[in-house]
Amino acid sequence: MTFAPNMTERLARARADLRMGVPVVLLSEGPSGAVVMAAETTDTARLTDLRQLGGAPVLAITSWRAETLRARAYDGDLARVILPADVGLAWVRGIADPADDLCQPMKGPLRTEREGDADLHRAAIALAKAARLLPAALVLEVPDAAAFAARNDLTSLPASAAVNTAFSPLNEVISARLPLEVSEAGRLHIFRPEDGSEEHYAVEIGSPDRQEPVLSRLHSACFTGDLLGSLKCDCGPQLRGALAQMGAEGAGVLLYLNQEGRGIGLANKMRAYSLQDQGFDTVEANHRLGFEDDERDFRIGAAILQSMGFSKVRLMTNNPAKVARMESCHLTVTERVPLKVGENRHNHHYLATKAAKSGHLL
Ligand SMILES: Nc1nc2c(ncn2[C@@H]2O[C@H](COP(=O)(O)OP(=O)(O)OP(=O)(O)O)[C@@H](O)[C@H]2O)c(=O)[nH]1
Ligand SMILES: [Zn+2]
């Protein structure tokens with residue numbers, strides 16, 4: 001039946017469901033599977049419903065979060081925290097969200113599962129991350145999972161589809177002339193991924209020769225820095241500095257990638273900022289939330305440049321990892337063009353941390 005959603009479309013539905021607090025069902029090989037609810041968005045009524053199904057619900061968290069909570073992560077990259085019988089939603093949120101870690105340090109001792117495999121739990125965390133929620137999910141295994149999903153009108157999909165997400169192709173929707181302060185010869189291109197995730201933009205300045213290395217910048221969205229003039233980072237000055245240089249040279253491409261907060265989303269970035277106010281640095285804050293320090297997918301940038309006809313770039317960045325990622329995507333980086341602007345007393349420590357921990361060049 002061609003009207004039925006394919007796997008990619010089901011995945012997009014599952015992300016939307018989790019964001020609204022609607023459970024989804026992940027299927028393993030065979031009849032079993034699990035009901036999954038994002039810790040951040042579930043409510044008391046659904047938690048009660050989950051408990052009434054019987055069995056032993058667990059709260060899946062990443063090993064980063066487990067480390068902070070002193071919980072044993074027997075599954076390597078994640079831990080399955082056993083839900084005590086007498087706890088409610090506040091407990092679940094407290095495990096998922098580090099906001100109150102310092103004022104309420106006694107969250108444990110937490111017991112974690114070591115028997116059985118964690119494939120469903122890994123998929124649940126991947127889905128929560130893809131939904132830009134805290135990476136923590138309630139997981140309850142149920143025997144006839146597909147039937148359970150059908151009975152309750154829940155989105156279901158194989159767990160493997162949530163983990164091994166193939167790179168989604170992007171298509172250009174439209175481009176239009178956009179005169180800019182830095183160059184009247186501006187053009188904005190809109191790219192839409194086929195998997196229903198955020199659109200990304202390319203600002204083309206002038207008419208760059210497709211046979212020559214193009215001056216380019218892969219800029220990750222930073223609402224606070226780009227729009228509000230936040231002094232906590234260097235994003236705004238980098239954005240404007242890159243465009244200014246492209247305008248001065250008469251050609252270039254700036255990709256504006258909607259990977260806010262290094263791919264964790266704006267709400268989680270603000271959680272990270274709140275932790276930074278408690279004394280943690282930018283990398284530690286991501287880890288305490290349960291994220292890697294950088295969750296971006298740079299294949300998106302490479303794919304957009306390639307679809308625009310570019311194969312060689314002069315990349316404006318201080319981040320050597322970006323250069324390596326572009327080259328692994330078969331884009332030749334002929335030159336790394338430093339972009340050192342916007343240092344101030346508020347972001348000095350942030351920039352120093354990126355240099356020390358993420359390999360950024362000062
Ligand atoms: N999670 C998190 N994201 C941040 C923080 N500060 C800025 N960001 C995000 O980081 C991204 C910019 O990344 P940067 O590391 O500054 O730059 P980069 O792109 O890796 O390297 P450059 O090309 O040299 O700028 C944007 O998506 C910002 O929203 C923070 O403290 N925590
Ligand atoms: Zn920023």
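**Reading a predicted fold, residue by residue**

Biologist: R262 lies in helix α10. What counts as a helix or a strand here?

Modeller: Both are DSSP runs, numbered from the N terminus: helices are H or I over at least four residues, strands are E over at least two. This protein has 15 helices and 13 strands.

Biologist: Where do these coordinates come from, and how are the parts labelled?

Modeller: This is a predicted model, where local features need pLDDT of at least 70, side-chain atom pairs count only at pLDDT 80 or more, and totals for chains, interfaces and linings use all residues. Residues are numbered from 1 along each chain as its sequence is written, while chains are lettered from A and ligands numbered from 1 in the order in which they are written.

Biologist: What does the protein average in pLDDT?

Modeller: First the idea: pLDDT is the predictor's confidence in each residue, from 0 to 100. Here the protein averages 95, and 99% of the residues score at least 70. For the complex, the predictor gives an ipTM of 0.97 and a pTM of 0.95.

Biologist: Back to R262. Is it buried or exposed?

Modeller: Count the other C-beta atoms, placed from the backbone, within 10 Å of the residue's own: 20 or more is buried, 12 or fewer is exposed, and in between is partly exposed. R262 has 21 such neighbours, so it counts as buried. Its phi deserves a look too: near 50°, a positive value in a residue other than glycine.

Biologist: What is phi of H330?

Modeller: Near 70°, again positive in a residue other than glycine. H330 sits in the loop between α14 (320-328) and β13 (332-337). H330 counts as exposed because it has 9 C-beta neighbours inside 10 Å. Across the protein's 362 residues, 41% count as buried.

Biologist: How do I judge the overall shape? What is the radius of gyration of the protein?

Modeller: The radius of gyration is taken over C-alpha atoms, and the globule rule to set beside it is 2.2 Å times the number of residues to the power 0.38. The protein has 15 helices and 13 strands. Its radius of gyration is 22 Å, close to the 21 Å that the rule gives for 362 residues, so the protein is as compact as a globular protein of that length. Along the principal axes, the C-alpha atoms fill a box of roughly 65 × 55 × 30 Å.

Biologist: How do I read a contact? Which residues is V58 in contact with?

Modeller: Two residues are in contact if their C-beta atoms, placed from the backbone, lie within 7 Å. V58 is found in strand β3 (residues 58-62). Leave aside its neighbours within four places in sequence, and V58 contacts R80, V81, I82, L83, E113 and V139. I82 is 24 residues away along the chain, but the two C-alpha atoms are separated by 4.7 Å. V58 is buried because 24 other C-beta atoms lie within 10 Å. For the protein, take contacts with a separation of 6 or more: 66% of them join residues 24 or more positions apart.

Biologist: Which residues of the largest nonpolar core touch the most other members?

Modeller: A nonpolar core is a set of buried Ala, Val, Leu, Ile, Met, Phe, Trp, Tyr and Cys residues joined through C-beta atoms within 7 Å. The largest has 58 residues, and L26, L59, A124, A128 and A137 touch the most other members. Helix α5 (residues 119-130) gives the most to this core, with 7 residues. Apart from it lies another core, of 33 residues, including C233, C235, F298 and L339.

Biologist: Which residues does L59 touch?

Modeller: Not counting residues up to four places away in sequence, L59 touches A39, V81, L83, V92, I95, A136 and L138.

Biologist: Now the ligand. How many residues surround ligand 1?

Modeller: A residue is near a molecule if its C-beta atom, placed from the backbone, lies within 6 Å of it. By that test, 22 residues surround ligand 1, and the closest are S220, C222, T317, N318 and N319. Helices α9 (235-249), α10 (260-263), α11 (266-277) and α12 (282-289) each supply at least two residues of the shell. Helix α10 gives the most, with 3 residues.

Biologist: How do the residues of the shell divide?

Modeller: Ala, Val, Leu, Ile, Met, Phe, Trp, Tyr, Cys and Pro count as nonpolar, Asp, Glu, Lys and Arg as charged, and the others, Gly among them, as polar. The shell around ligand 1 has 7 nonpolar, 10 polar and 5 charged residues.
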